[in-house]
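The following dialogue is intended for a reader who meets this structure for the first time.

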Amino acid sequence: MTEANKDAVDAIIDQWAAVRPDLETAPMAVFGRIYRIARAMGDAMEKAYARYGISRGEFDVVGTLRRSGAPYTLSPRQLSATLMLTTGGMTGRLDKLEKAGLLCRKPDPHDRRGLQVTITDRGLALVDEAVAAGLEVQRAALTGLGDEDVTVLTGLLRKLMSGVPTA
């Protein structure tokens with residue numbers, strides 16, 4: 001690898017090699033890049049969704065309702081479990097999205113104590129536009145890779161994810 005091809009993670013690896021040549025830093029090379037990519041893409045996705053007046057977390061809520069299929073209704077508990085959020089965190093997001101007219105909450109007809117959350121027509125239209133904008137940002141980030149590279153990378157990341165401990 002030439003100096004021109006090195007990135008910030010390579011510099012970190014080189015620094016560790018200089019002071020601790022006994023360390024095997026291959027995991028750091030992988031996860032350092034994953035962390036940096038995740039952060040940069042998170043910021044880029046936040047900007048893409050901001051054009052629609054929602055945050056990434058709010059997109060996740062309306063997106064989860066949208067991809068659940070008609071009638072686009074889930075309980076707050078189902079949403080919390082899918083998005084790995086506390087009920088308090090979910091309540092805050094639901095409050096904001098309901099106030100914006102993107103979803104509504106109503107009593108669950110099958111459980112007197114429960115609620116159902118349903119995406120509104122306005123929310124449905126918004127999430128359909130926002131998901132396309134988000135995918136365009138992601139597609140642009142992959143322009144340096146060919147179709148085969150993307151397929152290989154997807155498989156490798158799936159394999160890596162299967163070995164990562166979950167909370």
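**Reading the model**

Met84 is placed in the loop between H4 and H5. The model is a predicted one.

Q: Is Met84 buried or exposed?

A: Residues over 50% relative accessible area count as exposed. Met84 has a relative accessible area of 76%, and it is therefore exposed.

Q: What is the phi of Met84?

A: Most residues other than glycine have a negative phi. Met84, although not a glycine, has a positive phi of about 55 degrees.

Q: Where does Tyr72 lie, and what is its phi?

A: Tyr72 belongs to the loop between H3 and S1. Its phi is near 60 degrees, a positive value in a residue other than glycine.

Q: Which residues does the cis peptide bond join?

A: In general, most peptide bonds are trans. Here a cis peptide bond links Ala70 and Pro71, with omega about 10 degrees. Pro71 is located in the loop between H3 and strand S1 (73-74).

Q: How many residues does the largest nonpolar core have, and which have the most contacts inside it?

A: In soluble globular proteins, nonpolar side chains tend to be buried together. In this model, the largest nonpolar core has 21 residues, and Ile54, Val61, Leu65, Leu79, Leu94, Leu97 and Leu103 are those with the most contacts inside it. At least two residues of this core are supplied by each of helix H2 (26-50), helix H3 (56-67), helix H4 (76-83), helix H5 (87-99), strand S3 (111-119) and helix H6 (121-141). H3 gives the largest share, four residues.

Q: Which residues is Leu65 in contact with, leaving aside its neighbours within four places in sequence?

A: With those neighbours left aside, Leu65 is in contact with Tyr72, Thr73, Leu74, Leu79, Leu103, Val117, Thr118 and Ile119.

Q: How is the packing of H3 and H4 to be read?

A: One considers the axes and the angle between them. The axes of H3 and H4 come within 11 Å, crossing at roughly 110 degrees. H3 is therefore roughly perpendicular to H4, as angles of 65 to 115 degrees count as roughly perpendicular. On the H3 side the contact is made by Asp60, Val61, Thr64, Leu65 and Arg67, and on the H4 side by Leu79, Thr82 and Leu83. By class, the residues of this contact of H3 with H4 are four nonpolar, two polar and two charged.

Q: At what angle do H4 and H5 pack?

A: H4 and H5 pack at about 110 degrees, and their axes are 10 Å apart. H4 is therefore roughly perpendicular to H5. The crossing of H4 and H5 is right-handed. Pro76, Leu79, Ser80 and Leu83 of H4 meet Thr87, Met90 and Leu94 of H5. The contact of H4 with H5 comprises five nonpolar, two polar and no charged residues.

Q: Is Ser80 buried or exposed?

A: A residue under 20% relative accessible area counts as buried. Ser80, which lies in helix H4, has a relative accessible area of 8% and is therefore buried. Leaving aside its neighbours within four places in sequence, Ser80 is in contact with Leu85, Thr86, Thr87 and Met90.

Q: Where is Thr25 found, and is Thr25 buried or exposed?

A: Thr25 is found in the loop between helix H1 (8-19) and H2. Its relative accessibility is 16%, so Thr25 counts as buried. Apart from its neighbours within four places in sequence, Thr25 is in contact with Ile13 and Trp16.

Notes
Residues numbered from 1 in each chain as written. Predicted model: local features only at pLDDT ≥ 70, side-chain atom pairs only at ≥ 80, totals over all residues. Heavy atoms only, no water. Core = buried A, V, L, I, M, F, W, Y, C linked by side-chain atoms within 4.5 Å. Buried < 20%, exposed > 50% of the residue type's maximum accessible area, 1.4 Å probe, protein only. Contact = heavy atoms within 4.5 Å. Axes fitted to C-alpha atoms, helices over the stretch in contact; angles between N-to-C directions. Parallel < 35°, antiparallel > 145°, perpendicular 65-115°, else oblique. Nonpolar A, V, L, I, M, F, W, Y, C, P; charged D, E, K, R; others polar. Left-handed = near helix turned anticlockwise from the far one by under 90°.
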